[in-house]
Amino acid sequence: AGYTFQDDPDYIFPLEAQAAIDDVNLNQGISFISHPLDDKIPWTNNDIHGFTGVEILNGYSSARKTSILNILKFPLQYLFNKRCALMNTLNYPKENLALWDEFNKKGDYYGIYALDVHARLPITKNFQFEWPSYRAMFELFTLYVKTNSMFSTNPETSAATIVSAMRQGRFFSAIEGIASANGFDLHFQDRSGKLYEQGSRIAVTNGDIVLNMPFAFDTQIKMMRNGELFKSIENKLQQKIRIPIRTAGTYRLEIFVPGNKFDHLPWILTNPFFLGKKKPLTKFPVIHSIKKPLSIGDKAFNVEKNSASRGDMRLETIDGAQVLRMDYHLKKQREKKDFWVALARREAINFKGYSGLTITVRSKRVARFWLELRTKRDGKEIAYSHSFPARSEWKTVSIPFSRFHSKSKKAGSINLARIESLFITINNLLTVSNKAGYLQIKEFGLF
């Protein structure tokens, strides 16, 4: 109750990881690092911050890592016992848990199980089975989310309630292929009796972590503190368990069901309690003052666009300052994917000796634009780019050249002494067709 989704953004989240995370947070959303240690598509940018959490178990990645024997047995097993066949592809996620614990030394991050359902099993390049089915996969994992209120009849409000709870870490993951975790709950209770939900950062350290365990079978509880085993409990049908805590640390639980075929898998994975730890410092983007201004005056730029889009530019004076304004109306052409409107500066520029670009901008609504530099190597043009945000109030952004990226795998670093052209662009990678607006530029230069 009281939660509502913000309107869908008018732009597409950017390709840069940190920028995308910042935009997700601006829109009150959640973001998880997917299959962080996958052998083919691993996560490689561990310098980011502010994301919601990390995938600890990923059904698709686990299946691709399973043994040759399991792969050979899988089709026949799946025909007779879908759940068992799928469970056999899972392994204890030791490396992912270690990565999660490492992230939690620097911030507050949550863990989640994810199916990553593809509903197909590739056998060769040209042949695949159209299974495992979505239904079979969705019987494996369940995410339990604890909200402050009952769901609304409005689906958007209910969805926002779930997202809000997940932003606070108030959820746990369960492998329901082992058993249902319905009824499980936990909290931290301090000496005064105050209760805190999982995912909470708590100033005190003197209290108990309390577990409700309404299960008709034995369980093994492993409590981890700062990534190390803190306490192991062989629970013999005890319904309520109190674990005393007296020291600061990041505490999370892995709960197993001993005696079954899959007792090596963490049946329930909780989110941490962050006890007695200082709140991590909020990281703000570094803004660099301009050392060498770049002209935004007459003839500094020209407007370039695809033929279906409209765009123009003009100089304005706002509060005594000269401002360059680009108006745009983007439109996709038939049978062509790309559309764009750009401020183009096509002349050789030497940026050697400088570290990046600083720009002060304002737009009609929240939007993203590209800063793009082009050079030549072996006679071929190579583009390097990075996006920047603009809002209805003036905003200054600094982008180091080290953060510019290229689509070309052979691009190498930017030859700053031989910049052939510079563009400020909005295109189909950042928004959708038929969007109109403007961008105002007040200051632009090198730092």
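**Entry 1**

I looked up D327 and found a relative accessibility of 16%, so I put D327 down as buried. The model is predicted, and every value in these notes is computed from it. Which residue does D327 pair with in a salt bridge? The partner is R325, with the closest N and O atoms 3.0 Å apart. R325 is buried as well, at a relative accessible area of 15%. The cut-off for buried is under 20%.

I checked another arginine placed over a ring. R374 lies over the face of F423, and its distance from the ring centre is 4.1 Å.

**Entry 2: other salt bridges**

How many salt bridges does a search of the whole structure find? It finds 21. Side chains of opposite charge can pair when their charged atoms come close.

I took D208 and R242 next. Their closest N and O atoms are 3.3 Å apart, and the two form a salt bridge. D208 sits in strand β11 (residues 207-212) and R242 in strand β14 (residues 240-245), so I noted a link between distant parts of the chain, 34 residues apart. Are the two partners buried or exposed? D208 is buried, with a relative accessible area of 10%. R242 is partly exposed, at 45%.

I stayed with R242 for its surroundings. Setting aside neighbours within four places in sequence, I found R242 in contact with Q189, D208, I209 and V210. I also looked up R242 against L143: the two are 99 residues apart in sequence, and their C-alpha atoms are 24 Å apart.

E254 has 1% relative accessibility and counts as buried. R252 also counts as buried, at 2%.

**Entry 3: aromatic pairs**

I counted ring pairs and got 20 aromatic pairs. The rings of F172 and F184 have centres 5.0 Å apart and planes at 85°, so I logged the pair as edge-to-face. Where do the two residues lie? F172 is in strand β7 (residues 171-175), while F184 is in the loop between β7 and β8 (185-190). The pair therefore ties together parts that are twelve residues apart in sequence. F172 is buried at a relative accessible area of 6%, and F184 is buried at 5%.

I then looked at F351 and F401. Their ring centres are 5.9 Å apart and their planes meet at 15°, so this pair is stacked. F351 is in the loop between β22 (340-345) and β23 (356-363). F401 is in the loop between β26 (395-400) and β27 (421-427). The pair links distant parts of the chain, 50 residues apart. F351 is buried, with a relative accessible area of 0%, and F401 counts as buried at 8%.

I also noted a cluster: ring pairs link F32, Y110 and F171.

**Entry 4: helix α1**

How many of the ten residues of helix α1 are buried? I found seven, so by the under 20% rule I wrote down helix α1 (residues 17-26) as mostly covered. The buried residues are A17, Q18, A19, A20, I21, D23 and V24. They pack against β24 (367-377) and β25 (380-390). After α1 comes Q28, which has a positive phi, near 60°.

**Entry 5: a nonpolar patch**

Last, I turned to the surface. Which residues form a nonpolar patch there? They are I68, I71 and L72, and together they have about 330 Å² of accessible area. I looked up I71 on its own. I71 lies in helix α3 (residues 68-80), and its relative accessible area of 42% makes it partly exposed.

Note on methods:
Residues are numbered from 1 along each chain as its sequence is written. This is a predicted model: local features need pLDDT of at least 70, side-chain atom pairs count only at pLDDT 80 or more; totals for chains, interfaces and linings use all residues. Side-chain values use heavy atoms; hydrogens and water are left out. Patches are made of residues with over 30% relative accessible area and no salt bridge: like charges are joined within 9 Å, nonpolar side chains (Val, Leu, Ile, Met, Phe, Trp, Tyr) within 5 Å. Accessible areas come from the Shrake-Rupley method with a 1.4 Å probe; for residues, only the protein chains shown count as cover. A salt bridge is a side-chain nitrogen of Lys or Arg within 4 Å of a carboxyl oxygen of Asp or Glu. Helices (H or I, at least four residues) and strands (E, at least two) are DSSP runs, numbered from the N terminus. Buried means under 20% relative accessible area, exposed over 50%, partly exposed in between (1.4 Å probe, protein chains only). Rings of Phe, Tyr and Trp (its six-membered ring) pair if their centres lie within 6.5 Å; planes under 30 degrees apart count as stacked, over 60 as edge-to-face and the rest as tilted. A charge sits over a ring if NZ of Lys or CZ of Arg is within 6 Å of the ring centre and within 35 degrees of the ring normal. Contact means heavy atoms within 4.5 Å.
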